[in-house]
Amino acid sequence: MTSSESSLLPTSEHRPPDVTADETALVLTRDTSRKIVHVDMDAFYASVEQRDNPALRGRPIAVGHAEGRGVVATASYEARQYGVRSAMPSAKAKALCPHLIFVEGRMAHYKAVSQSIHDIFHRYTDIIEPISLDEAFLDVTHNKRGIALGVDVAKAIKAEIRAELGLVASAGVSYNKFLAKIASDWRKPDGLCTIHPDRALAFIDQLPIEAFWGVGPATAAKCHALGIHKAPDLRAWSLSDLLRHFGQSGYDFYRFVRGIDDRPVRAWRERKSVGCERTFRHDLRARRQIAQVLADLVEELTKRLGRAHFVGCTLTLKLRHHDFTTKTRAYTAEVPYGAMDGVRLLEDAQRLLLGAAIPAGGLRLMGLTVSTPIQEIEGSLSLF
Ligand code: DCP
Ligand code: MG
C-alpha cells in the first residue's frame, strides 16, 4: 500500500476537539500509509478440540455444556451448516443438529494456544492489540522481517500458524483497523483478503450497515428506521445529523464510511472493567445461600483484578431474576478497589445486596464488576 491522498484533515486525533462543529469546518485526512493486519482464528475453540482429538475431525461439534442451561461457545464449521451458532442454547443446537457432539471447554488450554499464536505474531511485530483470545490487530508497517507488503506478512503468519499449531486463521489486510477487521471476516474460513486504498470506497459501498463498527442490532434497527441500509445511504448524511441521531458514534460512522479510521493499534488494551458472574443451576431464594455466592464472587473478582492489574472505583452488583429481569446496583468508592481489597469489596458488595430486593421466584444469575479505572498498567509491569 502506498501513502496517498492529500491532506483533507488532521490525522493525529481520532476525534476533533469539538465534534459538534459543522462538518464544513472539519478537515478530513485519509491516511493510507499504515499496514494493518487483523487475524481471527476460524472456529477457535472447536478447531483446537478437533486438532487435539482426531475422532472429532470432520464432525459437527459444539464447545459448551450440553445439559441444563448450557449454551454453545462456538461450533465447528460442520455444525454451522445446520445453523448452530455461538451463544445459542444447547437444547436448540441439539434440535437443529441431532448428532451434534458436545465438548466441554478448556479455557486454560485455549489461553495457552493463544499465547503460542502471539509468539508467532511477535516474530513480525510487537505492536499487537489483542481483542480476544483468538483475535488481534497487528501494525506491520515496519515489521521485523522487512517484508514490504502487508499481505505477505499475513500469508506468512497464516502459514506458520498452520504448520506449527495445526490451526487455521483468517486474516484481513488494509490501511486501517476498520477495514482490516471487515476483511478478515470476508472470506472465512481460511480467508485472506486485502482492501487497497483505491478500492476501499467501492468495497465499503457494498456493506450492509450491520458490518460497521459499533453497529449492533439496536443501532441497526435505528438505521433502518432512518432509511440507512447500506453505506451509500449513510454517506448521504451530514455530520451534524449523524451526531444528533447517534451521538459520538455518529462521528465514527461519518469517518468510517469515507474509509477513514486513524485509531492506532494499541499494544495493550485499555480495560474499562473487570468482573465475573455466575448463573445458577436452580434459581436461588435463600438469603444465606445468596450471601455465600456473593462471597465466592468477591474471591473470584479479586483474583481477576490481580491478573489484570486493574484498579477501579465503581462496584456494580448485577442480579438477574428468575423471569430474566435484570437489576443493577452500583456504589462508587473514593478509594479504588484492587486485588488487595477483598475485605472492603465484600463489605460494600454485601451492602449493595442488602439494599436489593430478592424476588419470591429467586435469582437466576449474580454478577460483580469493578469499573471506572484510574490506572491501567496491564502489559507495563516492566516499568517497576
Ligand atoms: N466465544 C464464546 N461465546 C461467544 C462467542 C465466542 O465463548 N458468544 C468464544 C468461542 C470462540 C472464540 O470465543 O471460539 C472466538 O470467537 P469468534 O467470534 O472469533 O468465533 P470463532 O473463532 O469460534 O469462529 P469464526 O470462525 O467465525 O471466527
Ligand atoms: Mg474466530
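Author: The model is predicted. Let us begin with a pair of strands: E2 and E3 run antiparallel to each other, joined over three bridges. Within this pairing, Gly-64 has Val-72 of E3 as its bridge partner.

Reader: What is the order of the strands in the open sheet of three strands?

Author: The order is E3-E2-E4, and the pairing is mixed. Strands E3 (72-75) and E4 (101-103) each have a single partner strand, so they stand at the edges and one side of each lacks a neighbour in the sheet. From one strand to the next, the twist averages 30°.

Reader: Which strands does H1 touch where it packs on the sheet?

Author: H1 touches E2, E3 and E4, and its direction makes about 110° with that of E2.

Reader: At what angle do the axes of H1 and H4 cross?

Author: The axes of H1 (residues 44-52) and H4 cross at roughly 95° and come within 11 Å. H1 is therefore roughly perpendicular to H4. In the contact, residues of H1 including Phe-44, Tyr-45 and Val-48 meet residues of H4, among them Tyr-110, Val-113 and Ile-117. The residues of this contact comprise seven nonpolar, two polar and three charged.

Reader: How is empty space found?

Author: A probe the size of a water molecule, rolled over the atoms, shows where empty space is left. Here, the second largest pocket has a volume of about 1,000 Å³. Its lining has 26 residues, with His-65, Arg-69, Gly-70, Val-71 and Thr-279 nearest the centre.

Reader: Which element supplies the largest share of that lining?

Author: E9 does, with six residues. The lining as a whole divides into 11 nonpolar, six polar and nine charged residues.

Definitions and conventions. Residues numbered from 1 in each chain as written. Chains lettered and ligands numbered in written order. Predicted model: local features only at pLDDT ≥ 70, side-chain atom pairs only at ≥ 80, totals over all residues. Heavy atoms only, no water. 1 Å grid on protein atoms, 1.4 Å probe; cavity = no way out; pocket = protein on both sides within 12 Å on 5 of 7 lines; lining within 4 Å. Points joined across faces, edges and corners; volume = space filled by probe spheres on them. Helix = DSSP H or I, 4+ residues; strand = E, 2+ residues; numbered from the N terminus. Nonpolar A, V, L, I, M, F, W, Y, C, P; charged D, E, K, R; others polar. Axes fitted to C-alpha atoms, helices over the stretch in contact; angles between N-to-C directions. Parallel < 35°, antiparallel > 145°, perpendicular 65-115°, else oblique. Contact = heavy atoms within 4.5 Å. Pairing = 2+ DSSP bridges.
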